[in-house]
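Please examine the sequence and the model shown below before reading the report.

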Amino acid sequence: MIADGIIELPGIIILIACILRCVQYVIQSELKLGHYFWLASVLTFFAVIRRELNYVPELLIPSGFTFMNHSYDWWEDAVLLTVYLLIVGLLAYSWRYLWMVLKKVPVSLYIAVVALALLEYMGENAIFIPESIGEIVEEIAETGVYTIALIYLWAFKLGEFERHFLPQKNYHAPCKAS
């Protein structure tokens, strides 16, 4: 378990940086849809960090823990379900913003993420990769995906992007006052 944490540490640090960048975009966004989209992004990165740190509750929570007659696992599932439903709801509400962000991403990034996800799957399931190094390959591939996300978030120009959503004023059109 501790070895897993050491291998996953760079990825978790990158995910925290992604969350901070998305929080910055929540604050800076001038559009209501932008606030919802970036809040969904914060929650998504939170959910990914929680998935990466799945071993932590085993270290911190006693095995017989109950609260209001429900186990820790029940509460964890309830909270994560709420987070997932919030993410889906926020993304559905801001679907136009989401669609514009997805269209702006270069195809090469999609290809790189798919290749890394495939490599991660192969490492996790020891497909063409020796089982002895499979976990390391899996974590390196995941960290690569998180790094791509951080670099993209860092290079993303929020103000420039949102200008396409704001109403455009035509200062060169003749005045139509009568």
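The report that follows treats helix packing, aromatic rings and several individual residues.

This is a predicted model, in which local features need pLDDT of at least 70 and side-chain atom pairs count only at pLDDT 80 or more, while totals for chains, interfaces and linings use all residues. Residues are numbered from 1 along each chain as its sequence is written, and side-chain values use heavy atoms, with hydrogens and water left out.

## Helix packing

Two packed helices are described by the angle between their axes and the distance between the axes. Helices here are DSSP runs (H or I, at least four residues), numbered from the N terminus, as are strands (E, at least two residues). Their axes are lines fitted to C-alpha atoms, for helices over the stretch in contact, and angles run from 0 to 180 degrees between N-to-C directions.

Helix α2 (residues 32–52) and helix α4 (residues 72–93) have axes that come within 8 Å and cross at roughly 150°. The crossing angle makes α2 roughly antiparallel to α4; angles under 35 degrees count as roughly parallel, over 145 as roughly antiparallel, 65 to 115 as roughly perpendicular and the rest as oblique. The crossing of α2 past α4 is left-handed, a term used if the near helix is turned anticlockwise from the far one by less than a right angle, with right-handed used if clockwise. Contact means heavy atoms within 4.5 Å. On the α2 side the contact includes L33, F37, L43 and R50, and on the α4 side it includes Y72, E76, L80 and Y93. The residues of the contact of α2 with α4 divide into 17 nonpolar, 1 polar and 3 charged. In this division Ala, Val, Leu, Ile, Met, Phe, Trp, Tyr, Cys and Pro count as nonpolar, Asp, Glu, Lys and Arg as charged, and the others, Gly among them, as polar.

How do the axes of α2 and α5 cross? They come within 8 Å and cross at roughly 70°, and α2 and α5 are therefore roughly perpendicular to each other. In this case α2 passes α5 in a right-handed crossing. L33, G34, F37 and W38 of α2 meet Y97, L98 and V101 of α5. The residues of the contact of α2 with α5 comprise 6 nonpolar, 1 polar and no charged.

## Aromatic rings

A pair of aromatic rings is described by the distance of the centres and the angle of the planes. Rings of Phe, Tyr and Trp (its six-membered ring) pair if their centres lie within 6.5 Å; planes under 30 degrees apart count as stacked, over 60 as edge-to-face and the rest as tilted. The whole structure contains 11 aromatic pairs. Two of these pairs are set out in the table.

| Pair | Centre to centre | Angle between planes | Geometry |
|---|---|---|---|
| W74 and W75 | 4.8 Å | 90° | edge-to-face |
| Y97 and F161 | 5.1 Å | 80° | edge-to-face |

Buried means under 20% relative accessible area, exposed over 50%, and partly exposed in between (1.4 Å probe, protein chains only). Y97 counts as buried because its relative accessibility is 0%, and F161 is buried at 3%. W74 is partly exposed at 40%, and W75 is partly exposed at 26%. Y25, F37, W38, Y97, Y152, F156 and F161 form one aromatic cluster.

## Individual residues

F165 is placed in the segment after α8 and is partly exposed, with a relative accessible area of 27%. Not counting residues up to four places away in sequence, F165 touches L31, R96, Y97 and M100. The C-alpha atoms of F165 and G34 are separated by 9.8 Å, although these residues are 131 residues apart along the chain.

E30 lies in the loop between α1 (2–28) and α2. Is E30 buried or exposed? E30 counts as exposed because its relative accessibility is 63%. E30 and E162 are 132 residues apart in sequence and 7.6 Å apart in space, C-alpha to C-alpha.

T143 belongs to helix α7 (residues 131–155) and is buried, with a relative accessible area of 16%. Leaving aside its neighbours within four places in sequence, T143 is in contact with P10, G11 and I14.

The loop between α6 (107–124) and α7 holds A126, and F128 also lies in the loop between α6 and α7. A126 has a positive phi of about 55° although it is not a glycine, and the phi of F128, likewise a residue other than glycine, is positive and near 65°. A126 is partly exposed at 33% relative accessibility, whereas F128 is exposed at 80%.
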